[in-house]
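Dear colleague,

I am passing on the structure we talked about. My notes on one helix and its charged pairs follow below it.

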Amino acid sequence: MNGYPEPVPRPEPKPQPQKPTADGQQRHRAQHPGKPAWNLRLESVGSNVAGRFLTESPSMVVLAVEDLCWEAATEDWKHRRPHWWRRGALASWRAEGARLDAKAARLRALADDVFQEL
């Protein structure tokens with residue numbers, strides 16, 4: 001005995017029953033024909049991109065990774081805002097925000113080039 005209570009066994013989650021169709025086959029929901037499946041959002045650019053472009057264009061992969069890095073840095077920057085009475089820290093924080101804005105502008109220019117390439 002190690003001094004800790006024994007863990008209580010828990011039941012496994014029950015699978016949800018599936019409704020069969022009239023012929024007994026499972027049917028999947030069909031996507032709307034003619035409409036692309038948007039499954040990637042580029043936040044710095046403000047547009048959506050079909051996921052299939054990631055496999056077709058190495059430039060799109062670079063853009064997606066850079067956008068993800070920019071988005072993570074922006075979220076981190078927003079959560080590190082210093083108090084108003086720390087003037088030096090606030091000025092540094094605003095300068096970092098300006099650098100992130102400049103990077104977003106560069107990403108938008110890169111996106112224009114990549115979208116023309118497709």
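How many residues does helix α2 have, and how far does α2 reach from its first C-alpha to its last? This is a predicted model, and in it α2 (residues 58-79) has 22 residues and reaches 32 Å, close to the 32 Å expected at 1.5 Å a residue.

The buried residues of α2 are Met60, Leu63, Ala64, Asp67, Trp70, Thr74 and Trp77. Down the axis of α2 these fall within an arc of 155 degrees, so they line one face of the helix. Pro58, Leu68 and His79 are exposed, on the face of α2 turned away from its buried side.

On charged pairs, the count comes to six salt bridges. One of them joins glutamate 75 and lysine 78, at 3.8 Å from N to O. Both residues lie in α2, three residues apart, about one turn of the helix. Glutamate 75 is partly exposed at 37% relative accessibility, and lysine 78 is partly exposed at 47%.

Arginine 80 takes part in two of the pairs listed here. With aspartate 76, the closest N and O atoms are 2.9 Å apart; with glutamate 96, the N to O distance is 2.6 Å. Glutamate 96 lies in helix α3 (residues 87-117) and arginine 80 in the loop between α2 and α3, so this pair ties together parts that are 16 residues apart in sequence. Through shared partners, salt bridges join Asp76, Arg80 and Glu96 into one network. Relative accessible area is 41% for aspartate 76, 38% for arginine 80 and 22% for glutamate 96.

Regards

How values were computed:
Residues are numbered from 1 along each chain as its sequence is written. This is a predicted model: local features need pLDDT of at least 70, side-chain atom pairs count only at pLDDT 80 or more; totals for chains, interfaces and linings use all residues. Side-chain values use heavy atoms; hydrogens and water are left out. Helices (H or I, at least four residues) and strands (E, at least two) are DSSP runs, numbered from the N terminus. The expected span of a helix is 1.5 Å times one less than its number of residues. Buried means under 20% relative accessible area, exposed over 50%, partly exposed in between (1.4 Å probe, protein chains only). The arc is that of the directions from the helix axis to the C-beta atoms. A salt bridge is a side-chain nitrogen of Lys or Arg within 4 Å of a carboxyl oxygen of Asp or Glu.
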